[in-house]
Amino acid sequence: MKAPWSFSRFLPLAERLLSRGRLPALVFAVTRKVKGHNLGKLREDVGLLQALCLAYWRGEYRAISGKSMLSIVAGLLYFVSPFDAIPDWLVGVGMLDDIAVLSWVMKVVADELEDFRAWRARQSPEKLRVLERVPHVEEPLELDPRKG
């Protein structure tokens, strides 16, 4: 399945974010954006991707390919970025490209997300509360994919 045309420019940014251990900053940015929108089922999907990012960052869940993790991070970066194909401030259509990209990511990594769901189901509620708590973020996330 071919990636959305504007998705690929977020892959280098995702790679840098992962290599620098900045997943909490991304999760925090996603949380802020989700609060202001009625996303329906997409809210649940985004929550699953955030939980996976935090479990991965904490080293508790690593049963995912590097390519899939990179796609998830790039998809979430696309979701929060003001520099995507359709600006979010265009009421009624601004979120369409974000939804399309996240839906594509969910399809591409569906098998690995099922494995993660199963892993989460085996964890105690107490452990999940600790794993999925968003840590305090000191430095804001740089969202401009044009910057190196």
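What share of the contacts with a separation of 6 or more comes from residues 24 or more positions apart? I looked this up before anything else, keeping in mind that the model is predicted. The share is 76% for this protein.

**Entry: overall layout**

I went through the elements from the N terminus and got α-α-α-α-α-α-α. That is 7 helices and 0 strands. I also checked burial across the protein: of its 148 residues, 45% are buried.

**Entry: helix α3**

I checked the length of α3: 17 residues, with 25 Å from the first C-alpha to the last.

Is α3 largely enclosed or largely open? I found 12 of its 17 residues buried, so α3 is largely enclosed by the rest of the structure. My list of buried positions in α3 is L42, D45, V46, L48, L49, Q50, A51, L52, C53, L54, A55 and Y56. I noted that D45 and Q50 are on that list too. The cover over these buried residues includes α1, α2, α4, α5, α6 and α7.

Past the end of α3 I looked at G59, which follows the helix and has a positive phi, near 80°.

**Entry: α3 against α6**

I took the pair α3 (residues 41-57) and α6 (residues 110-121) and read off a packing angle of about 75°, with the axes 11 Å apart. Angles of 65 to 115 degrees count as roughly perpendicular, which means α3 is roughly perpendicular to α6. On the α3 side the contact uses D45, L48, L49, A51, L52 and A55, and on the α6 side L113, F116, R117, W119 and R120. Sorted by class, I have 8 nonpolar, no polar and 3 charged residues in this contact.

**Entry: helix α4**

Burial came next: 12 of the 15 residues are buried, so α4 is largely enclosed by the rest of the structure. I wrote down S68, M69, S71, I72, V73, A74, G75, L76, L77, Y78, F79 and V80 as the buried ones. They pack against α1, α2, α3, α5 and α6.

**Entry: α4 against α5**

How do α4 and α5 run, roughly parallel or antiparallel to each other? I got an angle of about 170° and axes 9 Å apart. α4 and α5 are therefore roughly antiparallel. The residues in contact are S71, I72, G75, L76, Y78 and F79 from α4, with D97, D98, V101, L102 and V105 from α5. By class I count 7 nonpolar, 2 polar and 2 charged residues here.

**Entry: G21**

My last stop was G21, in the loop between α1 and α2. Its relative accessible area is 36%, so G21 is partly exposed. I then looked at G21 and W57, which are 36 residues apart along the chain, and found their C-alpha atoms separated by 7.0 Å.

Definitions and conventions: Residues numbered from 1 in each chain as written. Predicted model: local features only at pLDDT ≥ 70, side-chain atom pairs only at ≥ 80, totals over all residues. Heavy atoms only, no water. Axes fitted to C-alpha atoms, helices over the stretch in contact; angles between N-to-C directions. Helix = DSSP H or I, 4+ residues; strand = E, 2+ residues; numbered from the N terminus. Parallel < 35°, antiparallel > 145°, perpendicular 65-115°, else oblique. Contact = heavy atoms within 4.5 Å. Nonpolar A, V, L, I, M, F, W, Y, C, P; charged D, E, K, R; others polar. Buried < 20%, exposed > 50% of the residue type's maximum accessible area, 1.4 Å probe, protein only. Expected span 1.5 Å × (residues − 1).
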